[in-house]
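Please read the numbered points with the sequence and the model at hand.

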Amino acid sequence: MSTSVGVPAPATPWASSRRLAWLTIRAAVPVAFLGVLFVWPLFEVFRRTLDGSDDSLELLGRPSTLRIFRFTVGQALASTLLTFLIGLPIAHGLARYRFFGRSAVRAMVVVPFVLPTLVVAAAFQSLFGVLGLASGRWDLDQSLLAVLMAHVFFNIAVVVRVVGGFWTGLSRRTVEAARVLGASRSRAFREVTLPQLLPVIAGAALVVFLFSVTSFGLILILGGPTRATVETEIYRQAVNRLDFNAAAVLALVQLGVVLVLSAFAGKLQRRFAGASQRDGANHARPVDTRSRRVHLVGVLGLAAVVVGGPLAALIERSLRVGDGYGLANFTGLTDEIRLLPISPMEALGNSLKFALAAALVASLVGMLASRVIVSGGWLGRLLEAAAFVPLGTSAVTLGLGYLLAFAAFDLRRSVWLVPAAHAVIGLPFVLGAVVPVLRSIDETQRHAAAILGASPWRVWWEVDRPVASRAMVTGAGFAVAVSIGEFGATSFLSRGADSFTAPLAIFRLLSQPGDVLRGQSMALSVVIGLVVAVVALLLEFRRGDGVSVL
Amino acid sequence: MTLSKNLSTASSSPLLKVRSILVACLVMAAACGSTSGPEAAPDASDPETAASSTGTALTLLTHDSFAVSEGTLEAFTEESGIEVEQIAGGDAGELVAKAILTKGQPEGDVLFGIDNTFLQRGLDGDIFAPYESPTLESVPDEFELDAEHRVTPIDVGDVCVNWWTDSLPEEGPPETLADLAKPEYASTFVTQNPETSSPGFAFLLATIDEFGEDGWEQFWTDLRDGGMTVTAGWNDAYYGDFIAGGGDSALVTSYASSPVAEVVFADPPVDAAPTGVLTDSCFRQIEFAGILEGTENVDGAQLLIDFLLSDTFQSDIPLNMFVEPANADVALPEAFTDHGITIDNPRTLTPEEIEANRSDWTDRWVEIVLR
């Protein structure tokens, strides 16, 4: 905030009192949002469940607890590393080349994001079966490798779209200059491109890491019963042992770890922020030489294996009817079915409504918060670290928090709780995409605009928005996808039929034996995947190339 | 929303200002509206509002597996004038944990879905108000586990080992629980971790009932050495490792009613279930409903408990939740009489025993099977 406040007050209709009002709103909205929907519920949980007994310390000192924390952080680090190792080449290929189907590939990578873990696990298991990896020497079922593969599948979209989107807008001039001066391609990447990408990589890595830290279903199903994480342990202590104190102690430590990491990623982002040179233009080039064709085919092949494989397995299962194939599982989705309070399609309707509401709120709050964050100051740094924490908070903690906090206004059953929780989880995605882009804008541009008499809103509209709109769309798209796919917090909140979402329907369908139920759960998963792919495609086309749209 | 650059640079700042204010209001409403939305609690100081809200509306808190046919709860509204809002929130364990945590400020008036494996927790937590429904006459005494009637039995189901009939070993199906430990069965058996799965826990209890404190650990050691598979939850066992879902295990821990569901949800339709049930392995789960302490509408809540035991609700239970009615006067649907199986001597342990030993038993199980 310090920089903005320090701008000399221009002689314009924008008197200082209005400027102050604007600055206050800009900061107050995100603070109130996180305060009401995250900090307060968490505070209530800790206030009501921590008893300050010696048991808490004893629990933390236990070798098994340490082992759980080590494994949780270890698998999340490995997942993040692997996701970037595989995701960066794909992001690079998609950012660099213009080719037919590019939008479709970019849309496809988002699909995993909305798929419920139960279904993804089933798709992986059936893929392992087809590839002969389900038994014998290369048995991947219930292995750490299976978990890591699934995490890559889930998170690769963050790398491809957030890092890739940033990459597309990077100015090519410095790289070309380095190449002209004799730098090899890899040296130019290492010394010119990579430093410019670091801010966005730090943000994206944090998102992937937090997503992997709180992974629950995939670890239990693909990793097998021996692999406990902090997330599963919190659940076990709270629900199985009814030891709320132990659960709260673990949640508090989890919170601390996540907060420290968020602050560190923010620091990294700020440190390298000045390095990026963006000109907002689209630098994608045609695939016109043999070497470029080979490169592109390799990149697309990688994407096809990592993302396309499990998706193909899922589609195959959704089409299986009896001993053959057909569309019966899809046509049945509109029918009322026992077990579910509403038809699967109506549940999908709820999911879409919630996703739109959550994405809208996350985008608006994110837009305001990103300006505060970029302006710097203690509030900006605090907001930056705090906004990412919900993503690394266990669903049980958040669910219990809402239960306790919103009892105060008898809002526990409000239909708004679900989209509100989704907006909180969606916010980090908006910030992860937008903040690095805003940081790459030279602050003198904003100063110049302000001195020439533009209101803060106008400055944002003329300077920030054109550059950030692409990132805004990316972030909002992620918020939609995250909301559609969210299961953990949704299932823990108490809700009636009007809050019954598609992932809940899929979970319920898979709770009894029967071909119809399994078939429909797979079909519904394919449908929500398709919906998200279409949304991603539409955003892509509406935006066009080089035209800023929001 | 597509605004070209030219349009936006035109002198439209008044419009922009209005928009910015609108946007700010929207965000504020979204962020803070939850504290003052239209769904906020009715003003209790207004006697009319308070009276009508307690008199004509009830909230039924259930686990996620609760399901009824359309019109069933409406039948209650017709006869009593009370609207029922059904709210689900997690599985039975989560439901009970949440009820205990919100004791005194309950989320609803009546809770449905606490079973005998969690019952003691609910009783120890003092979350239920006693009520003896007149309809209890039709419920067998063995289902009434609380002498003080703080909870009322609503339905009964059994957790049993199922088999895939076409893929059994040459020896045929196992006949006793002890048979399962034989290598030919153990190697093709998939069950669930009792720490993360309710049927998994029920099956552990069945083995403790059969082999006793001294014998159950040896049985599980034999199962483990025989090559049994363990999953986290029911669905990854049944739909993952069991043959029904494309896996290669021929035996799975599931429910006595699973063969019925296999027929009801078959596609294309089938005449007989592809699965069978090991009756000696069955552990009985009884699900209860109770009036939550702190409700303002005790009379209405009591009517709702009566309704849950009535023919209308009880006859709707089997094909929705795949458990059997607790009311012995209610007939079972055809799918259950044709394809279901009655478990005459199910295994059981008292709620006190279960709660007192839960952590110890599951800890020892983890030590034996997973370490």
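**Note on the structure**

1. Chain B is divided into domain 1 (54–156 + 286–325) and domain 2 (158–285 + 343–369); the domain bounds come from an automatic or database domain assignment. This is a predicted model, in which local features need pLDDT of at least 70 and side-chain atom pairs count only at pLDDT 80 or more, while totals for chains, interfaces and linings use all residues. Residues are numbered from 1 along each chain as its sequence is written, and chains are lettered from A and ligands numbered from 1 in the order in which they are written.

2. The centres of domain 1 and domain 2 of chain B, taken over C-alpha atoms, are separated by 28 Å. In contact are 16 residues of domain 1 of chain B and 14 residues of domain 2 of chain B (two residues are in contact if their C-beta atoms, placed from the backbone, lie within 7 Å). On the side of domain 1 of chain B that touches domain 2 of chain B, H6(B) gives the most, with three residues. Helices and strands are DSSP runs, numbered from the N terminus (helices: H or I, at least four residues; strands: E, at least two).

3. Between the chains, 65 residues of chain A are in contact with 68 residues of chain B. Helix H6 (residues 117–130) of chain A supplies the largest share of the chain A side, six residues. That side divides into 39 nonpolar, 15 polar and 11 charged residues. Here Ala, Val, Leu, Ile, Met, Phe, Trp, Tyr, Cys and Pro count as nonpolar, Asp, Glu, Lys and Arg as charged, and the others, Gly among them, as polar.

4. Within chain A, helix H7 (residues 144–169) and helix H20 (residues 456–485) pack at an angle of about 180 degrees, with their axes 10 Å apart. Axes are lines fitted to C-alpha atoms, for helices over the stretch in contact, and angles run from 0 to 180 degrees between N-to-C directions. H7(A) is therefore roughly antiparallel to H20(A) (over 145 degrees). A:Arg161, A:Val162 and A:Gly165 of H7(A) make the contact with A:Arg470, A:Ala471 and A:Thr474 of H20(A).

5. Is A:Ala405 buried or exposed? A:Ala405 counts as buried because it has 23 C-beta neighbours inside 10 Å. A residue is buried if 20 or more other C-beta atoms lie within 10 Å of its own, exposed if 12 or fewer, and partly exposed in between. A:Ala405 belongs to helix H17 (residues 395–405) of chain A.

Key
Angles under 35 degrees count as roughly parallel, over 145 as roughly antiparallel, 65 to 115 as roughly perpendicular and the rest as oblique.
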